[in-house]
Amino acid sequence: MKIYFTNIGIHKFTIKRLLEGALNRLGQPAKDIEMSLSIVSPKDIQALNKQFRGIDAVTDVLSFPTIDNPERGVLDVNAFTPDAINGETGKLNIGDVIICIDRAKEQAAEYGHSLKRELCFLSLHGLLHLMGYDHVEPRDEQQMNALQEEILQQMGITRNK
């Protein structure tokens, strides 16, 4: 998996390992996938939230899929046309995840765990959105929450880390 990080800092390795583990759990070819992950200010995420969702408020994470994934959690990289594949890397770009650092810090304090754990959670949450998961309906929210917790536990990212 190739991740284009912007403003991440010391937690890059842990986030990359987590997201690769998540793709593995979903049975996806991590070696064939790429995405970007950026850390931004409240002002920047609020502007993106307003522009793309019509919500003029700061949020914790936004996901911008670059592919249409009708079957949640399942990607057939070979089913995508060549224009979906990055010509330089040969990988399928699944989209962008944007995280607000201030909201991540606030939520880490609120939930009583580390910033590292919160950044991992938000990164995973964003990846699952890129993979077609959502939490609009209660059943879908339960499924997504259970999957997030399973993956975080499996990768050793607990509330106290």
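Predicted model: local features only at pLDDT ≥ 70, side-chain atom pairs only at ≥ 80, totals over all residues.
Local features here need pLDDT of at least 70 and side-chain atom pairs count only at pLDDT 80 or more, while totals for chains, interfaces and linings use all residues. Numbering runs from 1 along each chain as its sequence is written, and side-chain values use heavy atoms, with hydrogens and water left out.

**View 1. The largest pocket and its lining.** About 380 Å³ of space sits in here (the volume filled by probe spheres set on grid points joined across faces, edges and corners). A pocket is an open set of points on a 1 Å grid over the protein atoms alone, where a 1.4 Å probe fits, with protein on both sides within 12 Å along at least five of seven lines; lining residues have an atom within 4 Å of a point. Of the 16 lining residues, D60, V61, H125, H129 and H135 lie nearest the centre.

**View 2. N7, out in a loop.** Look between strand 1 (2-6) and helix 1 (12-25) for this one. N7 isn't a glycine, yet its phi is positive, about 65 degrees. Most residues other than glycine have a negative phi. N7 counts as exposed, at 60% relative accessibility (exposed is over 50%, buried under 20%, with a 1.4 Å probe and protein chains only).

View 3. S123 is buried, with 0% relative accessible area. Its side chain reaches the backbone oxygen of L119 at 2.7 Å. Leaving aside residues up to four places away in sequence, S123 touches I15, L19, L37 and I99 (contact means heavy atoms within 4.5 Å).

Definitions and conventions:
Helix = DSSP H or I, 4+ residues; strand = E, 2+ residues; numbered from the N terminus. Polar contact = N/O pair within 3.5 Å; in protein donor to acceptor, adjacent residues only side chain to side chain.
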